[in-house]
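Hello,

The structure we spoke of is below, and my notes on it follow. Please read them alongside the coordinates.

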Amino acid sequence: MLAALCDIFACTPVDLIATKVETAAVRKTVADSGMGNLNAIRPKRARLRPES
């Protein structure tokens, strides 16, 4: 469809589509928050034992 419009109007896709650059907010990670190693506060996994 874009190629057909370009043929009809004798232009390029750049002439038909306007682009705008936006700056995205920087996401915080655990490493940025200063919490350090989370293994100490994570719950232990349940250990399933076979029935005897």
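The protein chain exposes about 5800 Å², of which carbon and sulfur atoms supply 57%. Accessible areas come from the Shrake-Rupley method with a 1.4 Å probe, and for residues only the protein chains shown count as cover. Of the 52 residues in the chain, 4% count as buried (under 20% relative accessible area; exposed is over 50%, partly exposed in between, with a 1.4 Å probe and protein chains only).

This is a predicted model: local features need pLDDT of at least 70, side-chain atom pairs count only at pLDDT 80 or more, and totals for chains, interfaces and linings use all residues. Residues are numbered from 1 along each chain as its sequence is written, and side-chain values use heavy atoms, with hydrogens and water left out.

The protein chain averages a pLDDT (the predictor's confidence in each residue, from 0 to 100) of 79, and 75% of the residues score at least 70. It has three helices and zero strands (DSSP runs numbered from the N terminus: helices are H or I, at least four residues; strands are E, at least two). Among these elements, H1 has the highest mean pLDDT (93) and helix H3 (residues 30-33) the lowest (59).

Met1, Leu2, Leu5, Ile8, Phe9, Leu16 and Ile17 make a nonpolar surface patch of about 740 Å². Helix H1 (residues 2-9) gives the most to the nonpolar patch, with four residues. Ile8 lies in helix H1 and counts as exposed because its relative accessibility is 62%.

Regards

How values were computed. Patch = residues over 30% accessible without salt bridge, like charges linked within 9 Å, V, L, I, M, F, W, Y side chains within 5 Å. Salt bridge = Lys/Arg side-chain N within 4 Å of Asp/Glu carboxyl O.
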